[in-house]
Amino acid sequence: MEADSLNSLVTGAIWRAEQLEAHNIKSAPQAWAEVSSLEEELAKVLPVSGPEGRIARRGAVRAALKAGDYARAEAMAGCYSAEDAAPKSLKTELAKILEEDTRAMARRFRYAARHHSPREARDLARRFRQAGAFGLAA
Amino acid sequence: MDINLAQLREMHARLPADLALVMVGRAMLALERSGHKSGVPLSLDLERILSSGLLIWPGAALSELDQHDYNRITEDGAEAVVLAVAHRHRAWCIVRRMQREEYADWLLEDTAGGRRQVVALEVSGVDRGSILARLGMKLTQVAKSVDADQRWAGVVGFERPIMALHSTKRRKRGS
């Protein structure tokens, strides 16, 4: 798909997600997942050397976090940071986005954060998703 | 200069039609609930150059007012007015909407100088009172936006229709 069409789609998707979030509608995370998916498509057609390519890459990661999908956000941030032409500033920003989300999670679950680091909790969640409930016991 | 809100979609081809309808609808409600009718004079402050125009719209159904969030009418209405004026005065076209963490609502393109430049634009609306404080706040916000060649803030006051569109100093991309 062409960048123009994707730009129109991501514009509408961000607008919808913002409106749902503003009204505390439960499906807001799904709307952000759609935004992340469209930003990812834009990132495929726009080079990281251009401003719009970098905006799309940051957008894909941020929207995945708003959708509650840390694993996807982390994977995309890793991919985008590994691109040959990725400027240092983008790598720093992507790392900052993930760090800010981790800090927000630690603030939200203060008691749990005293016993487990957010990284441990996320690692556990990832293993749970990959192996299922019985996989953890193995 | 006439600024016809009904032409917003024609001005910005990448703006989804349903979104343009909602934004223009809310702009009409914002203007009419402040007692204005289509053809009202709009005072313009474009980079501190003062002028005026006529703001035209097809007419709102004020009976629908209660179906919309009060603040959204002001904010979304302001977006329609600023985007229409930005196109009429600068020939800017929307590229896309941005997530709020980019410190701007819209990314536009400016092809006037022969070289395409991207413009980060932050927009806000004020229902009553002066727009100056809000404009300062929005300029501070948009100045943090990275990856744009130009950074601008546009604020609309609906009480006595007024709009200001100011830029921050030009910075190098990505700095």
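How many residues does helix 2 of chain B have, and how far does it reach from its first C-alpha to its last? Helix 2 of chain B, residues 17-33, has 17 residues and reaches 24 Å, close to the 24 Å expected at 1.5 Å a residue. The expected span of a helix is 1.5 Å times one less than its number of residues. Helices (H or I, at least four residues) and strands (E, at least two) are DSSP runs, numbered from the N terminus.

This is a predicted model, in which local features need pLDDT of at least 70 and side-chain atom pairs count only at pLDDT 80 or more, while totals for chains, interfaces and linings use all residues. Residues are numbered from 1 along each chain as its sequence is written, and chains are lettered from A and ligands numbered from 1 in the order in which they are written.

Chain A comes next. Chain A has seven helices and zero strands, and its C-alpha trace spans about 50 × 40 × 30 Å along its principal axes. Of its 138 residues, 33% are buried. A residue is buried if 20 or more other C-beta atoms lie within 10 Å of its own, exposed if 12 or fewer, and partly exposed in between, with C-beta atoms placed from the backbone. In helix 3 of chain A, 15 of the 16 residues are buried, so this helix is largely enclosed by the rest of the structure. The end C-alpha atoms of helix 3 of chain A are 22 Å apart, which agrees with the 22 Å that its 16 residues should span at 1.5 Å a residue. After helix 3 of chain A comes A:Gly68, with a positive phi near 80°.

The two chains meet where 17 residues of chain A are in contact with 17 residues of chain B. Two residues are in contact if their C-beta atoms, placed from the backbone, lie within 7 Å. On the side of chain A that touches chain B, the elements giving two or more residues are helix 1 (3-22) and helix 3 (51-66) of chain A. Helix 1 of chain A gives the largest share, eight residues. The residues on this side of chain A divide into seven nonpolar, six polar and four charged. Here Ala, Val, Leu, Ile, Met, Phe, Trp, Tyr, Cys and Pro count as nonpolar, Asp, Glu, Lys and Arg as charged, and the others, Gly among them, as polar.

What covers the buried residues of helix 2 of chain B includes helix 1 of chain A, along with helix 1 (8-11), strand 2 (40-46), helix 3 (70-90) and strand 6 (117-126) of chain B. Among those buried residues are B:Ala20, B:Met23, B:Val24 and B:Ala27. Just after helix 2 of chain B, B:Gly35 takes a positive phi of about 90°.

In soluble globular proteins, nonpolar side chains tend to be buried together. The largest nonpolar core in this model has 82 residues, of which B:Leu8, B:Ala27 and B:Val82 touch the most other members. Such a core is a set of buried Ala, Val, Leu, Ile, Met, Phe, Trp, Tyr and Cys residues joined through C-beta atoms within 7 Å. Leaving aside neighbours within four places in sequence, the contacts of B:Leu8 include B:Ala20, B:Met23 and B:Val24.

Chain B also holds an open sheet of eight strands in the order 1-3-2-8-7-6-5-4, with mixed pairing. Strand 1 (2-4) and strand 4 (93-97) of chain B stand at the edges with a single partner strand each, so one side of each is left without a neighbour in the sheet. Two strands pair if DSSP finds at least two bridges between them. Strand 2 of chain B is joined to strand 3 (residues 49-56) of chain B by seven bridges, and the two run antiparallel. Four bridges join strand 2 of chain B to strand 8 of chain B, and these run parallel. Strand 7 and strand 8 of chain B run antiparallel, joined by six bridges, and a hairpin connects them through four residues.

B:Ala164 lies in strand 8 of chain B and is the bridge partner of B:Asp45. B:Ala164 is buried, with 23 other C-beta atoms within 10 Å. The C-alpha atoms of B:Ala164 and B:Leu50 are separated by 9.1 Å, although these residues are 114 residues apart along the chain.
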